[in-house]
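Hello,

Here is the structure I promised to pass on to you. Have a look at it first, and then read my notes below.

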There are 2 protein chains.
Amino acid sequence: MTRSPDEQAFLDAYDPTAFERPSVTVDVVLLTVLDGDLHVLLIRRDEHPCKGCWSLPGGFIRMTESLDEAAARVLNDKAHLQGVYAEQLYTFGAPRRDPRTRVLSVAYVALVNAARLRPVEDDRIRLALLHVDWQGETGGPASASWHGQLLALAFDHADILGLAVKRLRGKLDYAPVGFELLPERFTLRDLQSVHETILGRKLNKDSFRRRMLASGRLSAVGEREEDADHRPAALYTFERSA
Amino acid sequence: MTRSPDEQAFLDAYDPTAFERPSVTVDVVLLTVLDGDLHVLLIRRDEHPCKGCWSLPGGFIRMTESLDEAAARVLNDKAHLQGVYAEQLYTFGAPRRDPRTRVLSVAYVALVNAARLRPVEDDRIRLALLHVDWQGETGGPASASWHGQLLALAFDHADILGLAVKRLRGKLDYAPVGFELLPERFTLRDLQSVHETILGRKLNKDSFRRRMLASGRLSAVGEREEDADHRPAALYTFERSA
DNA sequence: TTAATAGTGTCTCTGAGACACTATGTG
DNA sequence: CACATAGTGTCTCAGAGACACTATTAA
């Protein structure tokens, strides 16, 4: 490489392949906690390629919408959800990740309380159980199953799922993200259970309580849970202003 | 919104704007530490739009290369650098961030020791001093100057710069990233200085030493620095295997 | 010798884990 | 009553900051 930067820039401008445009999709990893396990919303592909495989809800980016807006649109179209927490995860761009043509995928992670999600399911849409083979933030692909049967995932969506879990585990330490998976009012035990589900390990009850109460993000509702068959716990709300 | 998910998916497939393709560039925030300050490589735009502004080195993605490969290509073309640490940062996609047409930018952060970078400079390429107005990981745009003069940044590149610094500050706690900005052999003081430059604040010497030595990622070379006008410090190397 | 920085030893403070104990609900 | 879970108080242990002290170089 002995070309000067100027020369090289000139050549770049005339490279015929430089301006061919890839397709760009936004794919959303919509996660929820159901019965103490992480679940993800998947959609069955009814067309080639990967016909019959299960894929993340997604769609091609439109020319007038931002990436965040595209993610919100996908959530609205595929799961009838509005105002859900969603953040950009990573952009996947291996040249042959889609066999048809060059497709970049801007992946998002979205979190929602399971109660808002259940009525949506139909035969093409499943809330699949998520399996993570690795500990901590090691990273790697994840798999998904439904009623005990492993679902074949389309394209590189297993990698996207894995990265979503890795990111979520990392954020849990310093960002108020567990609340997004809970209803408006919840007990400390509910919150700890969500954290344990995401992290894939048990947490110390005492220090979890201390940490959460010291964070200043919880405010006590002043009421207690009902229909518990033991001493009812105090209800808290997430304080978004803090 | 009363359409079923099936109907909506059907409509999506026939939306005429859904398959119009955006342009996609890869833009690289190439950071280095020079004289105790963060610097960034910028390139002057000689064409409209933003003629005369300074922009991050970047280029349009090609159909046969991955995103990581595109970032490596940009680094090679614009700064004659190979094998430099680079990782994907975020994808910027506001609809009007480029006035010509829809352009998505997949931003990367790259780190390099300043000694590898200095000979590259010509009039169109500058190693600009980076200014960060906020503390910690607050976030926000950053600005750049050269010989005391503020440089006008193209497009949303001030936001990209700011996010790069925010990400870097966050990673410093748990990832071995300071080494990328140092030569092969360095002293603990060098390493601390790099950390302080990135974080924008002084660190405690004692606990920094302990933390670094306890991390198991440093191995003592067995030699000491030369031409110091005081007691010379031991030299260390980064242990990539650990 | 002095000035400057490298490097060590130790005290304290803080936060997490562990555990004992009390409180309050159901059956 | 027994039993289960909520919630409190306190001990211990590990890591970070603070600081005193010694070591080693140049001038």
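**A sheet in chain B**

In chain B, strand 7 (residues 125-132) pairs with strand 8 (residues 142-146) in the antiparallel sense, over four bridges. Two strands count as paired if DSSP finds at least two bridges between them. Strands (E, at least two residues) and helices (H or I, at least four) are DSSP runs, numbered from the N terminus. Within this pairing, B:Leu129 stands opposite B:Ser145 of strand 8 of chain B. B:Ser145 also stands opposite B:Leu150, in strand 9 of chain B. Strand 8 and strand 9 (residues 149-150) of chain B are antiparallel as well, with two bridges. They form a hairpin that has two residues between the strands, and B:His147 in the turn has a positive phi of about 50°.

Before you go further, please note that this is a predicted model, in which local features need pLDDT of at least 70 and side-chain atom pairs count only at pLDDT 80 or more, while totals for chains, interfaces and linings use all residues. Residues are numbered from 1 along each chain as its sequence is written, and chains are lettered from A and ligands numbered from 1 in the order in which they are written.

**The two copies**

How is chain B superposed on chain A? A rotation of 180° with 0.0 Å of shift along its axis does it, at an RMSD of 0.0 Å. The two copies are thus related as by a two-fold rotation axis. The superposition is by least squares on the C-alpha atoms of residues with pLDDT of at least 70 in both copies. In chain B, the C-alpha nearest the axis belongs to B:Arg21, 3.1 Å from it.

Where the chains touch, 38 residues come from chain A and 38 residues from chain B. Residues are in contact if their C-beta atoms, placed from the backbone, lie within 7 Å. On the chain B side, the elements that give two or more residues include helix 1 (5-14), strand 1 (23-34) and helix 2 (67-79) of chain B. That side has 16 nonpolar, eleven polar and eleven charged residues. Here Ala, Val, Leu, Ile, Met, Phe, Trp, Tyr, Cys and Pro count as nonpolar, Asp, Glu, Lys and Arg as charged, and the others, Gly among them, as polar. The copies meet through the same surface, because 100% of the interface residues of chain B are also interface residues in chain A.

**Domains of chain A**

Chain A is assigned domain 1 (23-172) and domain 2 (182-238); such bounds come from an automatic or database domain assignment. Their centres, taken over C-alpha atoms, are 27 Å apart. Eleven residues of domain 1 of chain A are in contact with nine of domain 2 of chain A. Helix 3 of chain A gives the most to the domain 1 side of this contact, with three residues.

**Around the DNA**

Which residues come nearest to DNA strand D? Of the 18 around it, they are A:Arg189, A:His230, A:Ala234, B:Ser207 and B:Arg231. A residue is near a strand if its C-beta atom, placed from the backbone, lies within 6 Å of it. Helix 5 of chain B gives the most to this surface, with four residues. For DNA strand C, the largest share, four residues, comes from helix 5 of chain A.

Best wishes

Key: Contact = placed C-beta atoms within 7 Å.
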